[in-house]
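Keep it brisk, and group the points by topic.

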Amino acid sequence: MRTFLSFLGLTAFLAACSEPEVPSSPPQMTTPPDVATSGFLTAYAEDTIPMEVPRLRAFLEEQPLIGFLEPTENISNPVASQVLDGTWPQPGAARWLRLADGHYVIERVIENDPDFFKYQVFIFTNSTGRGVDQIVGEQRFIPVEGGTRFEWTYNVAPSNFITRQIVRRNMPEIERYITGGLQGFANAARAEVGER
């Protein structure tokens with residue numbers, strides 16, 4: 001019995017690690033799952049930007065954060081997007097993102113308030129989809145002296161207890177990925193207001 005369980009664990013591990021074939025076209029939109037509220041592994045990044053919240057949000061519309069993400073060893077960055085439903089970034093809107101490696105993800109907006117933005121990534125054509133049920137991203141914009149603290153929380157919901165261990169090992173890389181993207185955005189915002 002123990003050998004059989006070990007075999008199942010190895011099979012799940014290999015399935016989670018192997019990369020699926022690159023799709024020839026974007027995935028079809030499906031009914032999104034309920035937004036997860038627990039069971040997350042979390043990456044976090046923050047930076048203080050010398051803009052008041054309204055100006056920062058306007059700059060974020062002009063210079064989307066995904067444009068500042070840089071690939072890592074295991075994470076491909078977005079290179080194109082297309083809205084599938086609704087008006088981005090209004091709640092309920094959905095879009096696909098094409099990644100540099102040819103794979104896609106689909107994400108949708110859950111909330112978009114002046115000081116808070118929440119979205120869900122729920123379709124992955126790459127190997128992430130074998131180990132992750134969904135990702136729930138949250139961005140908070142908090143007024144502070146001299147500007148706004150931009151907090152980005154990246155909540156990853158693994159599919160099961162086996163893939164949870166694999167995802168856990170990748171969380172430091174995910175945190176470096178979002179930290180680098182936020183720093184790139186923050187530097188662009190600082191340049192916009194003439195601050196170095």
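This is a predicted model: local features need pLDDT of at least 70, side-chain atom pairs count only at pLDDT 80 or more; totals for chains, interfaces and linings use all residues.

Residues are numbered from 1 along each chain as its sequence is written, and side-chain values use heavy atoms, with hydrogens and water left out.

**The largest pocket**

- The largest pocket has a volume of about 1,200 Å³. A volume here is the space filled by probe spheres set on grid points, which are joined across faces, edges and corners.
- A pocket is an open set of points on a 1 Å grid over the protein atoms alone, where a 1.4 Å probe fits, with protein on both sides within 12 Å along at least five of seven lines.
- The lining numbers 47 residues. Lining residues have an atom within 4 Å of a point.
- Nearest the centre of the largest pocket lie Ile 75, Val 105, Ile 135, Tyr 154 and Tyr 177.
- Helix α4 (residues 161–192) gives the most to this lining, with nine residues. Helices (H or I, at least four residues) and strands (E, at least two) are DSSP runs, numbered from the N terminus.
- By type, the lining divides into 29 nonpolar, ten polar and eight charged residues. Ala, Val, Leu, Ile, Met, Phe, Trp, Tyr, Cys and Pro count as nonpolar, Asp, Glu, Lys and Arg as charged, and the others, Gly among them, as polar.

**Salt bridges**

- The count comes to five salt bridges. Each is a side-chain nitrogen of Lys or Arg within 4 Å of a carboxyl oxygen of Asp or Glu.
- Asp 47 pairs with Arg 190, their closest N and O atoms being 2.5 Å apart. This pair links distant parts of the chain: Asp 47 is in strand β1 (residues 41–49) and Arg 190 in helix α4, 143 residues apart.
- Both Asp 47 and Arg 190 are buried. Buried means under 20% relative accessible area, exposed over 50%, and partly exposed in between (1.4 Å probe, protein chains only).
- Arg 95 forms a salt bridge with Glu 107, at 2.7 Å between the closest N and O atoms. Arg 95 lies in strand β3 (residues 94–99) and Glu 107 in strand β4 (residues 104–113), so the pair ties together parts twelve residues apart in sequence.
- Glu 107 is buried, with a relative accessible area of 5%.
- Glu 151 and Arg 149 also meet in a salt bridge (2.8 Å, N to O). Glu 151 is buried at 13% relative accessible area, whereas Arg 149 is partly exposed at 25%.
- A network of salt bridges links Lys 118, Glu 138 and Arg 140.

**Aromatic rings**

- There are seven aromatic pairs. The rings of Phe 141 and Phe 150 have centres 4.8 Å apart and planes at 50°, so this pair is tilted.
- Rings of Phe, Tyr and Trp (its six-membered ring) pair if their centres lie within 6.5 Å; planes under 30 degrees apart count as stacked, over 60 as edge-to-face and the rest as tilted.
- Both Phe 141 and Phe 150 are buried.
- Ring pairs join Phe 59, Phe 68, Phe 141, Phe 150 and Phe 185 into a cluster.

**Two single residues**

- Asn 155 sits in strand β7 (residues 147–158). Asn 155 is buried, with a relative accessible area of 7%.
- Arg 95 is buried too, at 12% relative accessible area. The C-alpha atoms of Arg 95 and Val 83 are separated by 4.1 Å, though the two are twelve residues apart along the chain.
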